[in-house]
Amino acid sequence: MDQHEGKAPLSFRLRRRPTGMEKQGMAESTDSRDTSSLLRKQASSHSMSMSSSGDGSALTSPISLSERRKLQMSQDLMSASDRISLASQPLTVNTRIQELTINKLKYDSVGLVGRDKEIQILKACCNRALNDKIKELIIIKGTSGLGKSALTGTVEEQISASDKGIFGKGKFNLESSAQPYSGLVDALNQLYHDALEADGARVEQMKKQLTLELGDDRTLLAALIPALETLAPADFLVRYRSGLMQELYNPDAEQAKWKNAFKVFIRVLCQHCSPLVIVLNDLQWADRSSLSIIEDLLSDPFNKESLMIIGTFRSDEVASQDALSAVLQNLEKKKTKFNFGMTQIEPNNLNVDDVHKIIMALLGMDDEDATRGLAEICFKRTLGNPNFVVQFITMLEEEGLISFNLGLL
């Protein structure tokens, strides 16, 4: 029995397809800590070649003699249920036909599989933001590769289709976790750019209101958000930016004015472009200042317009004592007093049927019987993590362990 049976690899590292000499050197290597080597070992124990039943619509491209021998030698490692097909293949092929053959995985055809429930919840939240003046925090949590960020794209589509509101997205990174407001600034910069696309009269009114209500604090935001530089004094870049940025990075500096500037900015945008939708991915790497701003925006009693904040994070990388956990607990206590909603979505791994749908979409096939065995293998190897499924199939195709032929151009 395969020693890796029933276990999903910890991660997937994809490399360019090695040359023949590199493959020979890799075969002689015994470094079991290399994730790519682990994947190749797992894949070779289930080597496969997909073919049709001889109706002329072949789903495999020819394999070389050496590759065929590898497949034949691996048969003793394959169970009957895992073996899709080892049908004999021609040893030669017309190279001109091979050049014209469409032989690509159809990544754009995959979409969000097995996420109907989560999509319906997000649509309901979006409808509330579009039709009612509410503030709401939506948390999407789960392990890496489950499609948390992809789910937020359904909200962007709904907002765009409604012709109401504006959408901004930011992402926190481990490398910039010490940089205050990094992911938040990206989202607000996009929000303001979207707001500027409104009709001219409304934009001018919004700019005047921002200048009036922010006052001198508009230089604070201009130091962070490039789109707001036009609202700052003409000599701002020369006289203010350097000092403001030094102050921002000083942990002992007074943060109240920064918080007030963010709240006023969002409040004005909400009045002119409601609803506002802010997506912040990877909150597990967010700095404390950004988390505090999220809490302040949701509990701002002076903002009476619709505001939706969607945050995603990796649940296995956040402990109960972390800053993010503390902020979420505080928001749970405040939601009744400050009249905002909280919704949590936690997608799970896919079942084997959903994995099968992804594979059929990748291969551009509608023959369920031809791909069922492959789906079961992928489910065993990835435990239904959708991102790992796609990467596993990609690795199989790159290593020549699975091939298909969609026809000629």
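Figure 1. Of the contacts in the protein chain with a separation of 6 or more, 76% are between residues 24 or more positions apart; contact means heavy atoms within 4.5 Å. The chain has 17 helices and five strands. Helices (H or I, at least four residues) and strands (E, at least two) are DSSP runs, numbered from the N terminus. Of the 409 residues, 47% are buried. Buried means under 20% relative accessible area, exposed over 50%, and partly exposed in between (1.4 Å probe, protein chains only). This is a predicted model, in which local features need pLDDT of at least 70 and side-chain atom pairs count only at pLDDT 80 or more, while totals for chains, interfaces and linings use all residues. Residues are numbered from 1 along each chain as its sequence is written, and side-chain values use heavy atoms, with hydrogens and water left out.

Figure 2. H6 spans residues 148-162, 15 residues in total. From first C-alpha to last, H6 reaches 23 Å, close to the 21 Å expected at 1.5 Å a residue; the expected span is 1.5 Å times one less than the number of residues. The buried residues of H6 are Lys148, Leu151, Thr152, Thr154, Val155, Gln158 and Ile159. They lie on the same side of H6 because they cover an arc of only 140 degrees around the axis. The arc is that of the directions from the helix axis to the C-beta atoms. Exposed Glu157, Ser160 and Ala161 sit on the face turned away from the buried side. The buried residues of H6 pack against helix H5 (116-131) and strands E1 (135-142), E2 (166-171), E3 (276-281) and E4 (307-314). Aspartate 163 follows H6, with a positive phi near 60 degrees.

**Figure 3. The packing of helices H7 and H12.** H7 (residues 182-195) and H12 (residues 256-273) pack at about 35 degrees, their axes 11 Å apart. Axes are lines fitted to C-alpha atoms, for helices over the stretch in contact, and angles run from 0 to 180 degrees between N-to-C directions. The crossing is left-handed: the near helix is turned anticlockwise from the far one by less than a right angle. H7 contributes Leu184, Leu188, Leu191, Tyr192 and Ala195 to the contact, and H12 contributes Phe262, Phe265, Ile266, Leu269 and Cys273. These residues divide into ten nonpolar, no polar and no charged. Ala, Val, Leu, Ile, Met, Phe, Trp, Tyr, Cys and Pro count as nonpolar, Asp, Glu, Lys and Arg as charged, and the others, Gly among them, as polar.

**Figure 4. A cis peptide bond at proline 275.** Serine 274 and proline 275 are joined by a cis peptide bond, with omega about 0 degrees. Proline 275 lies in the loop between H12 and E3. Proline 275 counts as buried because its relative accessibility is 1%. Leaving out residues up to four places away in sequence, proline 275 touches Ala129, Leu130, Ile159, Lys164, Gly165, Ile166 and Ser306. Alanine 129 is 146 residues away in sequence, yet the C-alpha to C-alpha distance is 6.1 Å.

**Figure 5. Two loop residues with positive phi.** Most residues other than glycine have a negative phi. Tyrosine 181, in the loop between E2 and H7, has a positive phi of about 65 degrees. Tyrosine 181 is buried, at 1% relative accessible area. Aspartate 282 has a positive phi near 60 degrees. Aspartate 282 lies in the loop between E3 and helix H13 (288-298), and is buried at 8% relative accessibility.
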